Protein chains: 2
Amino acid sequence: MKGPGFDVDFFMKEALKQAHQAYNEGEVPVGAVVVCNEQIIAKSYNMTEKLQDVTAHAEILAITSASQYLGSKYLTDCTIYVTLEPCIMCAGAIHWGQLHKIVYGANDEKRGYTNYSEKILHNKTKVVAGIRKEECGELMTKFFKDKR
Amino acid sequence: MKGPGFDVDFFMKEALKQAHQAYNEGEVPVGAVVVCNEQIIAKSYNMTEKLQDVTAHAEILAITSASQYLGSKYLTDCTIYVTLEPCIMCAGAIHWGQLHKIVYGANDEKRGYTNYSEKILHNKTKVVAGIRKEECGELMTKFFKDKR
C-alpha cells in the first residue's frame, strides 16, 4: 500500500542509510540513491577520503553506477535522492545526465548549487527540496562537531 | 632551453593530442593533461560515449588519475591544461581539487563555467584562457559538422 509521499520518504531513508555508512567510515556523510520505475538502481555515498578523489561525491558515483546499470548515459526516467543539496559539480552532472527529478534533504548554504544559479540544472529536471532535512542536516553537523 | 610561454604551448599541444584521440573515437573532442613540477602526471580525453557516462569528461578523468598518481585528493601544485573551457561540473571538480592553475583553449559559449559565475573556481586557482584557441575550437567545429 502506498500513501501520498510514501515513496519520497522511503527513498530518502535509503539515501540516509548510505549517508550513515559514509559517517561510519569517516567520510563527510552524504548518501544518494537513483530510482527508476520505483526501483533503486544505484546507491552510493561520499568516498572522497577512501578514494582520495574529490570527484567521488555520492551523486557522481551514483550517476555513474546508474548509467552502467541501464547502459545509457542519459537518465531521463530517473530520480536521484540525495541527503544534501548538490554542489555545482554534482548539479552539473545531473544536468548532463538529464535526470527527471532531484529530491534532496538539507540545504548546503555554503556550497550548494542554488548559491550560484538555479539554471545549472536541465530545464526539464524537477526539484524537490527539504525531505527529512533535519535528519540529513543533523548528521552533517554531528560529523563536523566530531572532527573538532 | 625554455623561452617564455614554451611550457604552456607544449602542454596545450599534449592536451590537443588527447582531443584528437577523442575525435578519432567519435567522442566530443576535448583533451586534458595535468602537470605537476613540469611533468605530465595524467592525460585524458572525453569518454562519455565509450563509457556511457556523462561524468567521463576529460577533466574529471584527468583529476581522478592525477590524484591516484599523487595519492592525494588535493592538487594544489598542479596545473590542468584543457582544450575547451570547462563546464560547471568540471569547474566544480577543479574547485574541490584546489588546483593551482587552469589553462584552457577555446571558450565554450554555451556550457562554459564563465557563463554562470567565475566564482565557481577556488579563489587561489589562476586562470589562463585562449591558448591555441583556434586549433582547439576548430576541432570541435569539425566534429559537430561531421555529425550533421
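Predicted model: local features only at pLDDT ≥ 70, side-chain atom pairs only at ≥ 80, totals over all residues.
Helices (H or I, at least four residues) and strands (E, at least two) are DSSP runs numbered from the N terminus. Residues are numbered from 1 along each chain as its sequence is written, and chains are lettered from A and ligands numbered from 1 in the order in which they are written. Local features need pLDDT of at least 70 and side-chain atom pairs count only at pLDDT 80 or more, while totals for chains, interfaces and linings use all residues; side-chain values use heavy atoms, with hydrogens and water left out.

Buried means under 20% relative accessible area, exposed over 50%, and partly exposed in between (1.4 Å probe, protein chains only). Among the buried residues of H3(A) are Ile88(A), Met89(A), Cys90(A) and His95(A). The buried residues of this helix pack against helix H2 (58-70), strand E3 (78-84) and strand E4 (101-106) of chain A, together with H3 of chain B.

The largest nonpolar core has 84 residues. Such a core is a set of buried Ala, Val, Leu, Ile, Met, Phe, Trp, Tyr and Cys residues joined through side-chain atoms within 4.5 Å. Val34(A), Ile63(A), Ile80(A), Val34(B), Ile63(B) and Ile80(B) touch the most other members. Leaving aside neighbours within four places in sequence, the contacts (heavy atoms within 4.5 Å) of Val34(A) include Ile40(A), Ala62(A), Ala66(A) and Ile80(A).

At the interface, 27 residues of chain B are in contact with 27 residues of chain A. The two chains bury about 2,400 Å² between them, 67% of it on carbon and sulfur atoms; buried area is the accessible area (1.4 Å probe) that two parts lose on being put together, summed over both. In chain B, Val54(B), Lys73(B) and Trp96(B) lose the most area to chain A, together 29% of what that side buries.

Across this interface the rule finds 2 salt bridges, a salt bridge being a side-chain nitrogen of Lys or Arg within 4 Å of a carboxyl oxygen of Asp or Glu. Helix H2 (58-70) and helix H3 (88-96) of chain B each supply at least two residues of the side that touches chain A. H3(B) gives the most to that side, with 6 residues.

Glu49(A) lies in the loop between strand E2 (39-45) and H2 of chain A and Lys73(B) in the loop between H2 and strand E3 (78-84) of chain B, so the pair joins two chains. Glu49(A) is partly exposed, with a relative accessible area of 38%, whereas Lys73(B) is buried at 10%. Glu49(B) and Lys73(A) also meet in a salt bridge (2.7 Å, N to O). Here Glu49(B) is partly exposed at 36% and Lys73(A) is buried at 11%.

Over all chains the structure holds 11 salt bridges. Within chain A, the side chains of Asp9(A) and Arg132(A) form one of them (2.6 Å, N to O). Asp9(A) lies in helix H1 (residues 6-24) and Arg132(A) in the loop between strand E5 (126-129) and helix H4 (133-147), so the pair ties together parts that are 123 residues apart in sequence.
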